[in-house]
There are 2 protein chains.
Amino acid sequence: MDVQRSGCPINLTLEVVGDRWSLIIIRDMMFGNRRHFRELLGRSEEGIASNILADRLKRLMAEGLIGRADDPTHKQKAIYSLTEPAIQLVPLLVQMGAWGRRHLGVTPELSIRAQLLEEGGPELWSDFMDELRAAHLGAPAPDKSPPVSQRLQRAYEEVVSRAA
Amino acid sequence: MDVQRSGCPINLTLEVVGDRWSLIIIRDMMFGNRRHFRELLGRSEEGIASNILADRLKRLMAEGLIGRADDPTHKQKAIYSLTEPAIQLVPLLVQMGAWGRRHLGVTPELSIRAQLLEEGGPELWSDFMDELRAAHLGAPAPDKSPPVSQRLQRAYEEVVSRAA
DNA sequence: CGCAACCGATTGTGATTTGCAACCACTTGC
DNA sequence: GCAAGTGGTTGCAAATCACAATCGGTTGCG
């Protein structure tokens, strides 16, 4: 994954995030609000192995997509955060979600967020990116109400409860 | 790559095209108009190995992203084509190109197409997808002039000649 | 007809990456 | 003091990958 093959933008993007796990990790940090190693390790549905997670976090840091800071509440805890380049992956992830939702057998609970993000269009993505900047970069909060993340979460819970 | 891990749309999309080569092949078929095994094998800048190419073509066919037909001019020649689901990957590839162009060290010749597609927005993508449907699915030609593919090609050649 | 070039692959071989489970040194809360 | 939790590391088997050589068949050309 580290051999440069060509200067094509699509190829270069694939060299950075074109593996099985990098985008899963970014997705969990983005939409699942997971910021710690063990949160990323255990709670994700896909079940990444700890050595792979450690390797990917290292690599994503080296590529400048995520940052790492000490958690003041626990000397051993690390807080991982998305950087601006990673936040700008939102439109890409939305397109991935939209395509998967249309063409693959997704479960309704997990597709409702993709649907809302797709229907919301670039303006909604932009609001969501501002929220991520506030949460991960310490940027001033955009002060939309309700925040996009909350709207997504509520829609998800509604579908889940309806299914029960 | 064939173990289903979760029903999340992003994850499912990654399971289909989240490897190093599948999207490169689709990119070459889409923007490079490569339709034969040997065209895909040799002329791409990244240099895929023939066994990997054969494996990926098989897999993409099984997933319904590409089709295969006999070339009437040569009994051993196969013509590969994009299916509708693959054509609908255009917005995803555009976003990949846009992100790579912004954040990675792309060469100017190879980034001009990404730039035009990004700036053209969804209407341009839609025109381009109609052209792909005409070329790959035998759909009626959209009859725009000049076609998007030609505009992209001309812009590329202009940058190349300017660099020379 | 003869033969070189071309066709979509397949085979064989090592190198790399992955998945899995166990384990590690250390910190925290009780 | 001790169990639970922290971010990882290690060892090993299995899968995947890259690279080069090769294959049986087809085509164009003399």
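A charge is said to sit over a ring if NZ of Lys or CZ of Arg is within 6 Å of the ring centre and within 35 degrees of the ring normal. In chain A, the charged end of Arg20(A) meets this description over the ring of Trp21(A), at 5.6 Å from the ring centre, and in chain B Arg20(B) lies over the face of Trp21(B), 5.7 Å from the centre of that ring.

The structure is a predicted model, in which local features need pLDDT of at least 70 and side-chain atom pairs count only at pLDDT 80 or more, while totals for chains, interfaces and linings use all residues. Residues are numbered from 1 along each chain as its sequence is written, chains are lettered from A and ligands numbered from 1 in the order in which they are written, and side-chain values use heavy atoms, with hydrogens and water left out.

**Aromatic pairs**

A pair of aromatic rings is described by the distance of the centres and the angle of the planes. Rings of Phe, Tyr and Trp (its six-membered ring) pair if their centres lie within 6.5 Å, and planes under 30 degrees apart count as stacked, over 60 as edge-to-face and the rest as tilted. Over all chains, the structure holds two such pairs, and they are set out in the table.

| Pair | Centre to centre | Angle between planes | Arrangement |
|---|---|---|---|
| Phe31(A) and Phe128(A) | 5.3 Å | 10 degrees | stacked |
| Phe31(B) and Phe128(B) | 5.3 Å | 10 degrees | stacked |

Helices here are DSSP runs (H or I, at least four residues), numbered from the N terminus. In chain B, Phe31(B) belongs to helix 2 (residues 22-31) and Phe128(B) to helix 7 (residues 108-137), so the pair ties together parts that are 97 residues apart in sequence. A residue counts as buried under 20% relative accessible area, as exposed over 50% and as partly exposed in between (1.4 Å probe, protein chains only). By these limits Phe31(B) is partly exposed at 21%, whereas Phe128(B) is buried at 2%; Phe128(A) is also buried, with a relative accessible area of 2%.

The buried residues include Leu23(B), Ile26(B), Arg27(B) and Asp28(B). Most residues other than glycine have a negative phi, and most peptide bonds are trans. Asn33(B), by contrast, has a positive phi near 55 degrees, and this residue is found in the loop between helix 2 and helix 3 (37-42) of chain B. In chain A, Asn33(A) has a positive phi near 55 degrees and counts as exposed at 52% relative accessibility.

Cis peptide bonds are present as well: the bond from Ser145(A) to Pro146(A) is cis, with omega near -10 degrees, and Pro146(A) has its place in the loop between helix 7 and helix 8 (148-163) of chain A. In chain B, the bond from Ser145(B) to Pro146(B) is cis, with omega near -10 degrees.

**Core and contacts between chains**

A nonpolar core is a set of buried Ala, Val, Leu, Ile, Met, Phe, Trp, Tyr and Cys residues joined through side-chain atoms within 4.5 Å. The largest nonpolar core has 81 residues, and those with the most contacts inside it are Ile26(A), Leu65(A), Leu82(A), Ile26(B), Leu65(B) and Leu82(B). Contact means heavy atoms within 4.5 Å. Not counting residues up to four places away in sequence, Ile26(A) touches Leu60(A), Leu65(A), Leu82(A), Leu89(A) and Leu93(A).

Glu46(B) lies in the loop between helix 3 and helix 4 (50-62) of chain B and is buried at 7% relative accessibility. Leaving aside neighbours within four places in sequence, Glu46(B) is in contact with residues including Arg5(A), Asn11(A), Trp21(B) and Arg27(B). His103(B), found in helix 6 of chain B, is partly exposed, with a relative accessible area of 26%, and, with neighbours within four places in sequence again left aside, is in contact with Pro85(A) and Gln88(A).

Methods: Helices (H or I, at least four residues) and strands (E, at least two) are DSSP runs, numbered from the N terminus.
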